[in-house]
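Here is my note on the model you sent, written as numbered points so that you can follow each one with the structure open beside you.

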Amino acid sequence: MKTQERKKIISVKNVSFTYAKNTPFEKKALEDINLDFYGNEYTAIIGATGSGKSTLIQHLNGLLKPDKGEVTVDGIDTKDKKAQGDLRRKVGLVFQYAQYQLFEETVYKDIEFGLIKRNVPEEERKKRVPEAAKLAGLTEENLKVSPYDLSGGQKKRAAIAGILVLKPEILVLDEPAAGLDPEGTRELFATIQNLHKSKECTVILVAHSMELVALYAERIIVLDQGKVVMDGTRDEVFGNEEKLLSLGLDIPEITKVMKKVKEKHPNINDRIYTVDDAKEEILKNLAK
């Protein structure tokens, strides 16, 4: 489905934000950001350290408020104090270090906590907690143990389940793979992809792995020094290697390999960004 056919659900207009404003520690984090996000869209936000990625996504559920401009979520202004509950129900935010979001005696109780705070009846909670856990890739056994007994990847899943149980329309994740080994990272991203597809959930995530961004994201936004410098499809962004390198970023490793292959085999398409696409392109050329 093309972006223009989708419903606009988040609008970021002329947003600027400065930390520690009017102090000696003042630091401008965002400057005149203009973005729209759409329903059932999978967007990755990339950029060098300090480019404003985490600051931007914390504006999407009202955790941070812009100094200038406005952020609206399904028509709700994030500065509207009376609408904060509705805002949190629509946008679920999973922080980079999920272990800091876990605190209860068991994983079950941790996932259930948000429902209790919202006065959801016990019978409904008994139904929704296992459902959210399953969606996040947790087992029934995982629910019985302390969250502190979980592996790093399982902690991430528990934090995601704690958000999913609230049934948000938009899932926002800040570096979900931080601290995970390659296998845990692949499994977690596969889970996020499954949520995106099965629940038609809008996904917005900050990521540093170009390989995973290329594999899953439909749209890529690039930030530099608090400004949007690129916003487009995988081909549009990764096809501009020179600009990415100038921003301290890179293209996927498989793309570099395909560029080398093209030097010896000119008919090869080197605008390839995933291993599966590379395999298909090579086999296609071998068959000629």
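1. In this predicted model, the largest nonpolar core is made up of 52 residues, and those with the most contacts inside it are I111, L205, V222 and F238. Helix α6, which covers residues 152–164, gives the most to this core, with six residues. Both domain 1 (7–94 + 168–248) and domain 2 (104–167) give residues to the core, so it lies between them. As background, nonpolar side chains in soluble globular proteins tend to be buried together.

2. F238 deserves a separate look, and when residues up to four places away in sequence are not counted, it touches M210, V213, A214, I220, L244, D250, I251, P252 and Y273.

3. How many aromatic pairs does a search of the whole structure find? The search finds five. In one of these pairs, F17 and Y19, the ring centres are 4.8 Å apart and the planes stand at 90°, so the pair is edge-to-face, an arrangement that requires an angle over 60 degrees. F17 counts as buried, because its relative accessibility is 8% and the cut-off for buried is under 20%, whereas Y19 is partly exposed, with a relative accessible area of 32%.

4. The rings of F103 and F113 also form a pair, with centres 4.9 Å apart and planes at 85°, so this pair too is edge-to-face. The pair links distant parts of the chain, since F103 is in the loop between β6 (91–94) and α3 (107–117) while F113 is in helix α3, 10 residues apart. F103 is partly exposed, with a relative accessible area of 45%, and F113 is likewise partly exposed, with a value of 32%.

5. Two further aromatic features can be located in the model. Y42, F189 and Y216 form one aromatic cluster, and R219 lies over the face of F37, at 5.3 Å from the ring centre.

6. For the overall build, please note that the chain has 12 helices and 10 strands. Its radius of gyration is 20 Å, which is close to the 19 Å that the globule rule gives for 288 residues, so the chain is as compact as a globular protein of that length. The C-alpha atoms fill a box of roughly 65 × 50 × 40 Å, taken along the principal axes. Of the 288 residues, 50% count as buried, and residues 24 or more positions apart account for 62% of the contacts with a separation of 6 or more.

7. The domain assignment divides the chain into domain 1 (7–94 + 168–248), domain 2 (104–167) and domain 3 (252–287). Between the C-alpha centres of domain 2 and domain 3 there is a distance of 43 Å.

8. Where is the place of T202? T202 is in strand β8, which covers residues 202–206, and at 2% relative accessibility T202 counts as buried. Its C-alpha atom is separated by 9.2 Å from that of P168, although T202 and P168 are 34 residues apart along the chain. Not counting residues up to four places away in sequence, T202 touches I9, Y38, G39, N40, E41, E169, I170 and L171.

How values were computed: Residues numbered from 1 in each chain as written. Predicted model: local features only at pLDDT ≥ 70, side-chain atom pairs only at ≥ 80, totals over all residues. Heavy atoms only, no water. Core = buried A, V, L, I, M, F, W, Y, C linked by side-chain atoms within 4.5 Å. Buried < 20%, exposed > 50% of the residue type's maximum accessible area, 1.4 Å probe, protein only. Helix = DSSP H or I, 4+ residues; strand = E, 2+ residues; numbered from the N terminus. Domains from an automatic or database assignment. Contact = heavy atoms within 4.5 Å. Phe/Tyr/Trp six-rings, centres within 6.5 Å; stacked < 30°, edge-to-face > 60°. Lys NZ or Arg CZ within 6 Å of the ring centre and 35° of its normal. Rg over C-alpha atoms; globule rule 2.2 N^0.38 Å.
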